[in-house]
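Dear colleague,

Please find it below, followed by a short account of what was found in it.

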Amino acid sequence: MSLTIRSRLYILALVPLLVIALGMMGVTYVKTTELNQQQIELTRSNMMNMKKAELKNYIQMAKSAITPFLERGASLEEALPTLKTLEYGESGYVFGYDTKGVRVAVGKSDKGLGENFWNLQDKQGNYLIPYLIRNASKGAFTTYYFPKPGQTEALPKLSYSILIPEWDLMLGTGFYTDDIDAIVAEMEASTNSALQTTLSAIIVFCLVIAAIVAAFAIAVNRTIMRPLE
């Protein structure tokens, strides 16, 4: 296909601009997406670390509350009324199981007390009580899926537990991480919206520049073509 000189001059003026525009959009999209993802992961990590520190503090408070009972050699039954009163936040509580999986405390509730929950599994197939007892001996956190009180949907929950060997007791507490997930999802939606706005601004800017370049190219082409013609 043979192109006229006028067509070649238009191509020479507009194609580089198109390439630059596409390159700007591509680089902006990639770099902005990477930066947003890093920021979201950092925010999630910081929030989780803060929550983990809170859980450790709550368990330390619980241990401090029962330390006088341990020091005077009291039984677990004597300390249970104190454990049941330990609450924090809107729905936080302390739970306790012996190392055989028998529930001895779950906040102020009497539900399931004396029953064995060793074979209780979450929706991922994790055996919750052995999992919590094992991590309690290692000072590690436990993540599992369990419904909130009064609900049926299993949600991710992070717990921290310790062992009280004098009473053969695993003591723990936890919080649901769906609120963190909601904040992260909101951040992702906000950053995606900002990215779309940025790309739209680049497109508009490039269209304006393309119009200016096209007008300039037409004027220059005329000064070239008239002598040639």
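This is a predicted model: local features need pLDDT of at least 70, side-chain atom pairs count only at pLDDT 80 or more; totals for chains, interfaces and linings use all residues.

Strand β7 (169-176) is mostly covered, with 8 of its 8 residues buried. From β7, L169, L171, T173 and F175 point one way, while M170, G172, G174 and Y176 point the other way; all are buried.

Strand β6 (residues 154-164) runs antiparallel to β7, and 8 bridges join the two. Among the paired positions, I164 has L169 of β7 as its bridge partner. The hairpin formed by β6 and β7 has 4 residues between the strands, and D168 there adopts a positive phi near 55 degrees. Strand β3 (residues 95-98) also pairs with β7 in the antiparallel sense, over 4 bridges. In this pairing, F95 stands opposite G172 of β7.

Leaving aside residues up to four places away in sequence, T177 touches M48, P156 and L158.

As for helix α2 (residues 76-84), its buried residues are L76, A79, L80 and L83. Viewed down the axis of α2, these buried residues fall within an arc of 125 degrees, so they line one face of the helix.

Yours sincerely

Note on methods:
Residues are numbered from 1 along each chain as its sequence is written. Side-chain values use heavy atoms; hydrogens and water are left out. Contact means heavy atoms within 4.5 Å. Buried means under 20% relative accessible area, exposed over 50%, partly exposed in between (1.4 Å probe, protein chains only). The arc is that of the directions from the helix axis to the C-beta atoms. Two strands pair if DSSP finds at least two bridges between them.
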